[in-house]
Amino acid sequence: MLSCVAMASRARSAKNAALALARERPEIGKVRAARELRSRGIRLSPSAVHAIWKLHGLASSYERLKLRAGHGEVRGAALSDSQRALLRRATISRRVIARASANGDSSSHPRRDELIEVAAGVFSAKGYDRASLREICAAAGILPGSMYHHFHSKEDLFVTVHAEGFRRLNEAVDRAVKGRSEPWSKLEAAVAAYIACLVGGNKVHAVTGTSLFHAAAPALQRRLNRERTAYEDRFREMIDGLQLPSDVDRTLLRLNLLGALNWTRIWYRPGKKTPAQIADHLINKILRRSL
């Protein structure tokens, strides 16, 4: 039986190891961090890692990257090219959110919410290039000039619709996996929730789903890509949590799975298999049996 002193010492060592790993590899999430710590002989669950990081202001990859980049005790530590790129994207995203809040573009504004829904319908029917702000304003019953109170351009409006779609997708996935601990069960629930959003007929989801496999002009595509990080991170962490053969490339598995899911909205027909049945078949009868 460990004494209280020994237990406290072990807990302190585990905490220090989790914080050291946050500085050493700031880009990885809690699941990969827990696995890395376990390989070093330190047993912490992903939730325990997250709790330690959160307590020390390191819950997000942005905060951990800023720490490594020179804010704190690791001042002067070099970031890799991929870490610098990740920090740059995270910084831009935070500025966009801050600007929207300062301008009063809150997602709770009823007219703004209505414009997002109306615009999603027009973008879904005509595509980004063929849709016009005049059409969107006409569908919303407002003068074209009124649109600029909420959005600076058609591109800004399209990016906002896209971001709203990802917000809803992420919330649906989070609700579906809540309370589940078994990794395959979590992935199956997430897949079912994701498919349900894509094929549910919602125009905002349709715009987001279409943009996942149709490339836009480079400048617009860069803006759209910023919104995908949180969505892809959810599936990255779930796949990182699976027990898989050592020769399985988890990145390729994730990309192929997401590609298959995104294509669902093209071939899906209501009245046949449900999203839950499709998820069960894909995860339990194809992936688990082949791996």
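This is a predicted model: local features need pLDDT of at least 70, side-chain atom pairs count only at pLDDT 80 or more; totals for chains, interfaces and linings use all residues.

Let's begin with the nonpolar cores. The largest has 32 residues. Which of them touch the most other members? They are Leu187, Val191, Phe235, Leu257 and Leu261. Five helices each supply at least two residues of this core: α9, α10, α13, α14 and α15. The top contributor is α10, with 11 residues.

Now zoom in on Leu261. Set aside its neighbours within four places in sequence. Leu261 is then in contact with Val191, Tyr194, Ile195, Leu198, Phe235 and Leu282.

Next, helix α13. It runs from residue 228 to 240, which makes 13 residues. From first C-alpha to last, α13 reaches 18 Å, close to the 18 Å expected. Which of its residues are buried? Arg228, Tyr231, Phe235, Met238, Ile239 and Asp240 are. You have met Phe235 already, among the residues that touch the most other members of the largest core.

On to charges. How many salt bridges does a search of the whole structure find? It finds 14.

Take Glu36. Glu36 forms a salt bridge with Arg25, with the closest N and O atoms 3.9 Å apart. Glu36 sits in helix α2, and Arg25 in the loop between α1 and α2, so this pair ties together parts 11 residues apart in sequence. Glu36 also forms a salt bridge with Arg40, and here the closest N and O atoms are 2.9 Å apart. Are these residues buried or partly exposed? Glu36 is partly exposed, at 23% relative accessibility. Arg25 is partly exposed too, at 25%. Arg40 is partly exposed at 41%.

Now turn to helix α9. Glu164 and Arg168 both lie there, 4 residues apart, about one turn of the helix. They form a salt bridge, with the closest N and O atoms 2.8 Å apart. Both residues are buried. Shared partners join Glu117, Glu164, Arg167, Arg168 and Glu171 into one network of salt bridges.

Last stop: Arg64, in helix α4. Arg64 is buried, yet has no salt bridge. How far away is the nearest side chain of opposite charge? That is Glu63, at 6.2 Å. Beyond its neighbours within four places in sequence, Arg64 is in contact with Ala22, Pro26, Ile28, Gly29, Trp53, Leu58 and Ala59.

Conventions: Residues are numbered from 1 along each chain as its sequence is written. Side-chain values use heavy atoms; hydrogens and water are left out. The expected span of a helix is 1.5 Å times one less than its number of residues. Buried means under 20% relative accessible area, exposed over 50%, partly exposed in between (1.4 Å probe, protein chains only). Lys and Arg count as positive and Asp and Glu as negative; His and the chain ends are not counted. A salt bridge is a side-chain nitrogen of Lys or Arg within 4 Å of a carboxyl oxygen of Asp or Glu. Contact means heavy atoms within 4.5 Å. A nonpolar core is a set of buried Ala, Val, Leu, Ile, Met, Phe, Trp, Tyr and Cys residues joined through side-chain atoms within 4.5 Å.
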